[in-house]
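Biologist: Please take a close look at the charged side chains of this model. I would like one connected account, with the cut-offs given.

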Amino acid sequence: MRLLHPTFLKLFPLSLLLVIAVLNKSFAGDTSNISKVSIANIIIDGNKKTKPSIIYRELGFSIGDSIATTEIDQLLVKAKQQLINTSLFLTVDITYQTLINQSMIILLTVKERWYIFPSPVFSLADENFNLWWKQQHRSLERVNYGLALAYENITGHNDNLAFGFQTGYTRACGIFYNRPNIGRKQQHEIGFRLIISRNREVNYASMFDRKTFFKSNEFIRSHIEGSLSYTFRKNIYTRHTFTSGFMQEMIADTIAKLNYSYLGHGKKNILYPEFSYQFSYNHTNNRQYPLKGKSFSAELMQSGFGKRNGIGTTQLKVEAGIFIKLFKKTYFNTQVNGKLFLPKHQPFILYKGLGYNDRELFRGLDEYVLDGNAYGIVKMNLKRQLFTFTPTLKFLPKAFRQIPLQFFVKGLFDAGYVNHPYPGNNILLNRWLFTKGIGLDIVSFYDVNVSFEYSFNQIMERGLFFRVRFGL
């Protein structure tokens, strides 16, 4: 079965070329006659915890720099965007005062977030709300609950520590830490993570484009993963991340019998290393809900080395997007995502395509999983900001009582293709897929995004889909 449908050959490359063209767009002009001013000082206020050096790193300019007077406003807007994207501040205000000697003072006022979040864990075992609500009949047995603690900006260098435990559908515990802005030029970042989990129910196969489960009174799957990462950030927009880690999977005899390929060749226990390199570029006004700018990422991952541990998978993943302001309060964006697994024969646990998380999702097909060795998808949105609303919650501390909310109405369209060499009874594979719909997005601080979408797909289904994302 061919991966590249004729329509896909037209739409996917055109969208990719559009993204590449915008990413490589540059402007040049004669600036010899433009007056310039030097930055005499940068005054920061409101950073009770955050180190000034962390803020300076994001500005894109420093004391002593000379900048064209025509570029001042644009540079300050970019600096504000970068500071918001650190997720350290609720609000950022930047102004300047010009002096008589062709110099200027920049005044920067920030309002810091809460940095300690002790919180209960309450999450669904299913990838999205709609699967839990419809297919799993709102079963409380498929809920995870526990306690987590996130301590952000521990030392004032934007370093983060999180740990927690949960019970319910999946029993798990984990710890995560990362420390950016290391070194004289603050270009280095390190991190680690460790997660241990156990399940009494296992998704052992995909049939009719849906997950198929086996449930037991005993634990029938255990998972352990750990990793160390290093990131090099030469400038404020690009990152190079290297990760080295391991994965261990252990399953009961029953799962290996139900799906001989679950871990490959009937195995019940595998331990394999995993290495990856990711390049990312993000120049958008807001990483969590971008409206203007462009982004690109590419990741190469190697899992195992074949004969020695039974796993030998190479994975290439690419994401690119452009976000355009068409006119006042109206925005358009298109994103292109693609993934390829080599070789095409893989254990079931590694054969994940679309539908397993909100980021890799075919909107309008929320209730399905689309497994395959390769996929490509184009997502498009046309958005209009309706209004903003800032309610006051008097029971919160004074600095956080006002909760800014933005409301956007949108039209959406997705088109894509998922390839599988042996699709079996999964009818949505190896065919061109389309979905379309309308939606409402609600955006607030602390990177909280809520979406309501009413979508249509080509198999004559329609429905209202709900999503919520927290960026804590």
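Modeller: Helices (H or I, at least four residues) and strands (E, at least two) are DSSP runs, numbered from the N terminus. Residues are numbered from 1 along each chain as its sequence is written, and side-chain values use heavy atoms, with hydrogens and water left out. This is a predicted model, where local features need pLDDT of at least 70, side-chain atom pairs count only at pLDDT 80 or more, and totals for chains, interfaces and linings use all residues.

Start with Lys292. Its place is the loop between strand S14 (269-284) and strand S15 (293-303). Lys292 is partly exposed, at 35% relative accessible area. Here buried means under 20% relative accessible area, exposed means over 50%, and partly exposed lies in between (1.4 Å probe, protein chains only). The areas come from the Shrake-Rupley method with a 1.4 Å probe; for residues, only the protein chains shown count as cover.

Lys292 belongs to a surface patch of positive charge, together with Lys325, Lys328, Lys329 and Arg384. Patch residues have over 30% relative accessible area and no salt bridge; like charges are joined within 9 Å, nonpolar side chains (Val, Leu, Ile, Met, Phe, Trp, Tyr) within 5 Å. Lys and Arg count as positive and Asp and Glu as negative, while His and the chain ends are not counted. A charge is placed at NZ of Lys, CZ of Arg, CG of Asp or CD of Glu.

Now the paired charges. A salt bridge is a side-chain nitrogen of Lys or Arg within 4 Å of a carboxyl oxygen of Asp or Glu. The whole structure holds 13 of them. One joins Lys268 to Asp253, with the closest N and O atoms 2.7 Å apart. Lys268 sits in the loop between helix H5 (253-258) and S14, and Asp253 in helix H5, so this pair ties together parts 15 residues apart in sequence. Both ends are partly exposed: Lys268 has a relative accessible area of 40%, and Asp253 has 42%.

Next, a buried pair. Lys410 bridges to Asp441, the closest N and O atoms being 3.1 Å apart. Lys410 lies in strand S19 (residues 405-419) and Asp441 in strand S20 (residues 432-444), so parts 31 residues apart in sequence are tied together. Lys410 is buried at 7%. Asp441 is buried at 2%.

Arg467 and Glu453 also meet in a salt bridge, at 2.4 Å from N to O. Arg467 is in strand S22 (residues 462-470) and Glu453 in strand S21 (residues 448-457), so the pair ties together parts 14 residues apart in sequence. Arg467 is buried, with 10% relative accessible area. Glu453 is buried too, with 2%.

Leu271 is part of a nonpolar surface patch with Phe163, Ile175, Phe192, Leu194, Ile196, Leu228 and Phe246, about 690 Å² of accessible area together. Strand S9 (residues 188-199) gives the most to this patch, with three residues.
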